[in-house]
Amino acid sequence: MDSTTLALPDARHVADQIDRWTREHAAFALLIEQADGASSALWQFASISRNRGQSDTAIDALRTALALMPTDVAAWRALASDYQLSGRDELAEACARQALAIDPDHATTWLQYASLAYRLQRIDDAEAAYLRALSGDASLGDAHLGLGVLYLGSRRPEQAIVHLQRALSWGGIDAVTQLCLGQAFYMAGRFGESADALAIANGFVPLESVTLRLYARARTFASMLDGDIHGAIARYPTLAGQETEPLDEVLRTAFALFSAYGMREAAAAVGRLRLQGQPDDPVQRYLLDAVGGQTHDRAPAAYVEAHFDEFAEGFDSKLVDILGYKVPQQLADMVASRRPTLATILDLGCGTGLAAGPLGRFGARLTGIDLSEKMLAVAARRNAYDDLVKADVMSYLADSPRSFDLVFAADLLIYLGRLEELIGLIARVLPAGGLFAASIEAAGHGDFTLLSSGRFAHSETYFETCAAKDFEIVCKENSELRLEAGRPALGTLYVLRRRGRPSTEDGQLTIATIRR
């Protein structure tokens, strides 16, 4: 909980305040005369002032009452509400916290504290407080709604669905909850249920703008999953009305979502339709192979270049803010735990330069390699790389006359199936004792698998076997790499050391397996 505290008036200030209000407010003078004690009069005066729109006077009256009766839980809760209504959330939270210190089992106070913590963007505190409120009273519909909204914002749609449905059960049907439920179903890939929830919301408040677009997509995608792709396309403009999007954008989104959720048959049908219109599109052709179960040893260069050129400008926001991607930071932390300074670093598949910040701590000369010209243009704006090179990583490694202290490959291997040649080339540019940091996505079976997303997953055994000739493991950690279709994509992070004369800088070899 936050450490903000609230000081109450001292005895002299209380006496002066009561005397002034008695002289200046006839209503307060009457309350003092008739009420059972000053604190009761102050409580009633606060209510009168609040009803008159005099929020500051109401707050002062409650603070004065609490100075006389500091264990009055109801007054602390009321003061929290008044502070919240006046936009002073930190003070409101301090009051709610004080009420909980006096009565830690009061469910609605935990609900009040949770909503304040959420407004202050302390998500973990808010989640814990909502759950505490519900443990005291499972029928608190507002607590279920708040928790559902929190999970929705944290991109945990299945958890959001559970609590939003409970909010409807306990609190009755309303537009806001139905809109949130429709969005949660959509994020979970449950498109028919999404459309149904949004249709119910439309009965309260007409859908428009974003919500209308979401409804039209959800209903269209549900029909596609039922096998009626051409009918869904024909009905889409009527569903979307003035929010109708270009057909190719709708189909591109459908293909991406169906692929991400493992709906391979529907994805393949949409992919074939898209490819008919753009037969030379390398991105769609490769991704169609991926959902169709075709085998590749690596993602084609034409796909990698075109795909990342398309998404360069919004890439960082989507990957970090929406999908929770932290691999560069995690890998850099692992490297730093073994070697705090480096002279030269090669960032393979550097993209927009997300690794530049985490790697800056080493004070090294930083070289970035990528196939996407537009991604490199974004990386250049960071002014963090000494060299940026547009090249295929295999060709660069094979031809480079330079050597590096660290080769960094965050989310590079997911675009390569077979790794023997790459790892051998990385060893070529590292001296004995040089470090290789990389991430892999976890394969469910076999050495490597081409996923419907177009990425490759690898088994730990396969990666470690490929690396064993030239490298030894320094650190190994299991990790949640990013969110994929609302679920964590699991993988493993490695720091390897080039075999050769032992480096005294690295100390004793350790292997730690940690669930992040």
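This is a predicted model: local features need pLDDT of at least 70, side-chain atom pairs count only at pLDDT 80 or more; totals for chains, interfaces and linings use all residues.

**Helix H11**

Let's begin with helix H11, which runs over residues 175-187. From its first C-alpha to its last, H11 reaches 18 Å, close to the 18 Å expected for its 13 residues at 1.5 Å a residue.

Is H11 mostly covered or uncovered? It's mostly covered, with 10 of the 13 residues buried. Among the buried ones are Cys 180, Leu 181, Phe 185 and Tyr 186. And what do the buried residues of H11 pack against? Their partners are helices H9 (141-153), H10 (157-171), H12 (191-202), H13 (209-225) and H15 (247-260).

Both ends of H11 are worth a glance. At the start, Asp 174 brings a side-chain oxygen to within 3.1 Å of the backbone nitrogen of Val 176. After the helix comes Gly 189, with a positive phi near 80°.

**Salt bridges**

Next up, the charged pairs. How many salt bridges does the structure hold? There are 33, and here are some of them.

| Pair | N to O distance |
|---|---|
| Asp 19 and Arg 23 | 3.1 Å |
| Arg 402 and Asp 387 | 3.8 Å |
| Glu 464 and Lys 476 | 2.9 Å |

Asp 19 and Arg 23 both sit in helix H1 (residues 11-24), and because they are four residues apart there, about one helical turn separates them. In general, an α-helix has 3.6 residues a turn, so residues three or four places apart point the same way. Asp 19 is partly exposed at 40% relative accessible area, while Arg 23 counts as exposed at 58%.

The side chains of Arg 402 and Asp 387 also meet in a salt bridge. Arg 402 is in the loop between helix H23 (393-399) and strand E4 (406-409), and Asp 387 is in strand E3 (residues 387-390), so this pair ties together parts 15 residues apart in sequence. Arg 402 is partly exposed, at 30% relative accessibility, and Asp 387 is partly exposed too, at 23%.

Then there's the salt bridge between Glu 464 and Lys 476. Glu 464 is partly exposed at 24% relative accessibility, whereas Lys 476 is buried at 14%.

Finally, some salt bridges share partners: Arg 217, Glu 245, Glu 249 and Arg 252 are joined that way into one network.

Conventions: Residues are numbered from 1 along each chain as its sequence is written. Side-chain values use heavy atoms; hydrogens and water are left out. Helices (H or I, at least four residues) and strands (E, at least two) are DSSP runs, numbered from the N terminus. The expected span of a helix is 1.5 Å times one less than its number of residues. Buried means under 20% relative accessible area, exposed over 50%, partly exposed in between (1.4 Å probe, protein chains only). Contact means heavy atoms within 4.5 Å. A polar contact is a pair of N or O atoms within 3.5 Å; within protein, one must be able to donate a hydrogen and the other to accept it, and residues adjacent in sequence count only if both atoms are side-chain atoms. A salt bridge is a side-chain nitrogen of Lys or Arg within 4 Å of a carboxyl oxygen of Asp or Glu.
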